[in-house]
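Let's take a friendly walk through a protein chain together. Please have a look at the sequence and the model below before reading on.

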Amino acid sequence: MLTTNIFEVFYLSACVSLNLRIPILHIHILWINIVTDGVQDKTFSLTREEKDPMKEKPKRPDKVLFGRTQIIRIIYNGLVMAVPSVILFYYLNQVYPYQTAISISFFYALVSQWFMGIQALKEQPFLLNPAKSFAINP
């Protein structure tokens, strides 16, 4: 959920910095938070472990949630979502009217956040084994 919120900050900031119009409206952000964050945080608790957690070495509590690796991953994934979104919105502004451009931008933001939610279910990248990614949380 932090990744998707960082994405929204990067996306809006980049568009404003490039003198583009606002790519998603405030009501879009609220809807995205209800649809993606509200549903995904309920389903993550039902996710099975990839391997046996009892066989892993103990981890320091300060490294599990907000360790350096986790923070870098959150920022990196937010950028991975934001950069294509900015490029897409820039292109859409050239081709379509503003209302159509923000509609497509809104849909792309939803889809990318759902994809990131599926990606977050496991440690390895989603595209290495998509069938296993979907099997983790039936």
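This is a predicted model: local features need pLDDT of at least 70, side-chain atom pairs count only at pLDDT 80 or more; totals for chains, interfaces and linings use all residues.

## Starting with helix α1

The residues T3, T4, F7, E8, Y11 and C15 of α1 are buried, where buried means under 20% relative accessible area, exposed means over 50%, and partly exposed lies in between (1.4 Å probe, protein chains only). Looking down the axis of α1, we find these buried residues within an arc of 145°, so they line one face of the helix. The arc is taken from the directions that lead from the helix axis to the C-beta atoms.

Residues are numbered from 1 along each chain as its sequence is written, and side-chain values use heavy atoms, with hydrogens and water left out.

## The whole chain

The protein chain has 6 helices and 0 strands, in the order α-α-α-α-α-α from the N terminus. Helices (H or I, at least four residues) and strands (E, at least two) are DSSP runs, numbered from the N terminus. Of the 138 residues, 30% are buried. Among contacts with a separation of 6 or more, 71% join residues 24 or more positions apart; a contact means heavy atoms within 4.5 Å.

Which residues does Y11 touch, not counting residues up to four places away in sequence? They are P23, I24, A82, S85, V86, F89 and S105. Y11 and A82 are 71 residues apart in sequence, yet their C-alpha atoms are 5.0 Å apart in space. E8 also belongs to α1. Leaving aside neighbours within four places in sequence, E8 is in contact with I29, I32, N33 and Q113.

| Residue | Relative accessible area | Class |
|---|---|---|
| E8 | 6% | buried |
| Y11 | 1% | buried |
| N19 | 73% | exposed |

N19 has another feature to look at: its phi is near 60°, a positive value in a residue other than glycine.

The largest nonpolar core holds 19 residues, of which F7, Y11, C15, I24, I32, F89 and F106 touch the most other members. The elements giving two or more residues to this core are α1 (2-17), α2 (26-43), α4 (68-95) and α5 (98-119). With 7 residues, α5 gives the most to this core. A nonpolar core is a set of buried Ala, Val, Leu, Ile, Met, Phe, Trp, Tyr and Cys residues joined through side-chain atoms within 4.5 Å.

The buried residues of α5 include Y98, I102, F106, L110 and M116. How do the helix lengths work out? At 1.5 Å a residue, the 22 residues of α5 should span 32 Å, and its end C-alpha atoms are 31 Å apart, which agrees. The expected span is 1.5 Å times one less than the number of residues in the helix. For α1, with 16 residues, the first and last C-alpha atoms are 22 Å apart, close to the 22 Å expected.
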